[in-house]
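Hi,

Here is the structure I promised to pass on.

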Amino acid sequence: MHAFANPARFLRLARPLTAPLLVIGGLIAAAALWWGLFQAPAERLQGDSVRILFVHVPAAWLGMGGWTAIAVASIVELVWRHPLAGIGARAAAVPGAFFALLCLVTGSVWGRPAWGTWWVWDGRLTSMLVLFFLYLSYLALADAASKDGDGQSRIPAIFGLVGAVNIPIIHYSVLWWNSLHQPPSITLGKSEMAPEFLWVLLAATVGFSLLFGGVVLARMRMILANNQAEARLRRRAMEAVDA
């Protein structure tokens, strides 16, 4: 893990990986969505509205996965003081927030024909909304820490760990409470989903996950570049004062 603590070493790995992740992920996601939205059969009970599954489910998984990445990076930052952990957490927050919002929007669109309403204060929906607000709060804290000149501040990392409590709540909400949201169709080693939906869903999830990884690497590179530029400006300002 500490082998990539050096920003230059990390960039040598990140630069050649960023574009392939974005391109391959985009192609896989586009192919899966095209097949799912236009070629997959209508579901017996939900009809064509089930096609939103191929966007909604990957968005939900990556919304939760983004915060899981923040929590893991926060542990690494707090325990091992890894210099890139805080940057990685900040980089994962924006795409994580996007997918959490996409999950909420697509779930609302799907809920209208399925439940007859755009929104209910269901356990799964409410906990996902809380996750989106947690993302916004984390981004605000990380931005404030960065402006204060303390890009490795412990406060965003602690918040990232505390917010992780919401992830199991989201996952188990449909089992703990009487929920309108359907229980999980895919569990470890078991699937109740028809193969014509399952394989396309898995392909869409892989494609969106690769896109997520590419965006995270691109954002980490951008944050490092901004930090380096700010360091150079501060150094020149100090040299000018000394002169």
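In which loop does R81 lie? R81 sits in the loop between α2 and α3 (85-115), where helices (H or I, at least four residues) and strands (E, at least two) are DSSP runs numbered from the N terminus.

Before the rest, some ground rules. This is a predicted model, where local features need pLDDT of at least 70 and side-chain atom pairs count only at pLDDT 80 or more, while totals for chains, interfaces and linings use all residues. Numbering runs from 1 along each chain as its sequence is written, and side-chain values use heavy atoms, with hydrogens and water left out.

Back to R81: it has a positive phi of about 55° although it is not a glycine. Most residues other than glycine have a negative phi. R81 also counts as exposed, because its relative accessible area is 56% (buried is under 20%, exposed over 50%, partly exposed in between, with a 1.4 Å probe and protein chains only).

Next, R51, which is found in the loop between α1 (7-38) and α2 (53-80). R51 has a relative accessible area of 15%, so it counts as buried. Its side chain meets that of D48 in a salt bridge, 3.1 Å from N to O (a side-chain nitrogen of Lys or Arg within 4 Å of a carboxyl oxygen of Asp or Glu). Side chains of opposite charge can pair when their charged atoms come close. The structure holds one salt bridge.

A polar atom of the R51 side chain also lies 3.2 Å from the backbone oxygen of G36. Leaving aside residues up to four places away in sequence, R51 touches G36, L37, F38, Q39, A40, P41 and A42 (contact means heavy atoms within 4.5 Å).

On the surface, L22, V23, I24, L27 and V215 form a nonpolar patch with about 400 Å² of accessible area together. Such patches take residues with over 30% relative accessible area and no salt bridge, joining nonpolar side chains (Val, Leu, Ile, Met, Phe, Trp, Tyr) within 5 Å and like charges within 9 Å; areas come from the Shrake-Rupley method with a 1.4 Å probe, and for residues only the protein chains shown count as cover. The largest share of the patch, four residues, comes from α1. L27 lies in that helix, α1, and is exposed at 58% relative accessible area.

Last one: V72, in helix α2, is partly exposed at 48%. V72 and A85 are 13 residues apart in sequence and 8.7 Å apart in space, C-alpha to C-alpha.

Cheers

Notes. A polar contact is a pair of N or O atoms within 3.5 Å; within protein, one must be able to donate a hydrogen and the other to accept it, and residues adjacent in sequence count only if both atoms are side-chain atoms.
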